[in-house]
Amino acid sequence: MSTSGTGIGQSVSDSWSERMRMIRLRRKKEAFRFSEEFRIIPKWLKALCIVLYVIAIAIGVAVVIQAPDARPADLRENVALSALAIAGAITAVAIILSACIFMLGYVNRDARRRGMNSALWTWFVLLMLPTSVGIIGLIIYLLVREPLPYPCPRCAQPVGPRFNFCPNCKCNLYPSCPNCKREIAETDKFCPYCATELKPAQPGEAPSIESRS
């Protein structure tokens with residue numbers, strides 16, 4: 001009984017490791033550019049942060065000018081420096097809050113375009129923000145997120161990262177080793193499980209064993 005349970009657990013672990021290897025390989029094909037990733041954050045969210053920042057600066061400066069008691073103790077007689085100090089403090093807080101808001105907006109949009117549960121991952125990152133290392137939620141998301149849809153190697157139609165076959169042309173998107181029958185990547189020259197030398201295949205075909213003379 002325990003042997004059977006151990007065997008099932010090992011099989012599940014092997015399947016998980018195998019699929020994660022494929023996901024990592026697919027993610028490596030993605031060209032990460034900060035400017036393009038930043039662009040998927042909703043424009044209204046960026047505009048909202050700018051508007052709130054301007055309002056906060058205006059309120060802070062107005063309070064400093066109208067209420068001398070609100071100025072820093074050592075700058076109470078210097079209105080200009082007091083206003084500058086308050087503006088600097090507001091800017092620092094605004095940068096931190098904006099980064100958190102942009103992080104949530106990015107995760108929500110990125111998860112949606114990858115076919116993941118955007119609401120679940122947004123809440124997960126939000127709940128991790130109050131922790132000592134608030135960015136840990138984003139790091140976990142980046143490590144486990146699905147690859148982006150990619151073009152089918154045969155017909156170039158977009159296919160999901162978890163598709164086994166292309167719904168347009170039935171191309172095999174997860175070829176297997178002809179020797180051990182385990183899943184391999186299209187770029188593998190040798191099977192990572194049995195070291196079988198693989199012959200480069202045509203798009204949509206499973207790699208075959210390299211013939212030796």
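Angles under 35 degrees count as roughly parallel, over 145 as roughly antiparallel, 65 to 115 as roughly perpendicular, and the rest as oblique. The axes behind such angles are lines fitted to C-alpha atoms, for helices over the stretch in contact, and the angles run from 0 to 180 degrees between N-to-C directions. I will come to the helix pair that needs this in a moment.

First, the ground rules. This is a predicted model, in which local features need pLDDT of at least 70 and side-chain atom pairs count only at pLDDT 80 or more, while totals for chains, interfaces and linings use all residues. Residues are numbered from 1 along each chain as its sequence is written, and side-chain values use heavy atoms, with hydrogens and water left out.

Now the overall layout. The chain has six helices and four strands; helices (H or I, at least four residues) and strands (E, at least two) are DSSP runs, numbered from the N terminus. Along the sequence the order is α-α-α-α-α-α-β-β-β-β. Of the 213 residues, 31% count as buried. Buried means under 20% relative accessible area, exposed means over 50%, and partly exposed is in between, with a 1.4 Å probe and protein chains only.

Back to the helices. How do helix 3 and helix 4 run relative to each other? Helix 4 covers residues 79-113, and the two pack at an angle of about 160° with their axes 9 Å apart, so they are roughly antiparallel.

Trp44 is exposed, at a relative accessible area of 58%. Trp44 belongs to a nonpolar surface patch with Leu48, Val51, Leu52, Ile55, Ile59 and Val63, and together they have about 670 Å² of accessible area. Patch members have over 30% relative accessible area and no salt bridge; nonpolar side chains (Val, Leu, Ile, Met, Phe, Trp, Tyr) are joined within 5 Å, and like charges within 9 Å. Accessible areas come from the Shrake-Rupley method with a 1.4 Å probe, and for residues only the protein chains shown count as cover.

Next, the charges. The structure holds four salt bridges, each being a side-chain nitrogen of Lys or Arg within 4 Å of a carboxyl oxygen of Asp or Glu. Glu37, Asp110, Arg113, Arg114 and Arg145 are linked in a network of them. In one, Glu37 meets Arg113 at 2.9 Å, N to O. Glu37 lies in helix 2 (residues 34-39) and Arg113 in helix 4, so this pair ties together parts that are 76 residues apart in sequence. Glu37 is buried at 10%, while Arg113 is partly exposed at 31%.

Arg113 also bridges to Asp110, at 2.7 Å, N to O. These two are three residues apart in helix 4, so about one helical turn separates them. Asp110 has a relative accessible area of 0%. A further bridge, 2.8 Å from N to O, joins Asp110 to Arg114, and both of those residues are buried.

Last, Leu173. Is Leu173 buried or exposed? At 0% relative accessibility, Leu173 is buried. Leu173 sits in the loop between strand 2 (158-159) and strand 3 (198-199).
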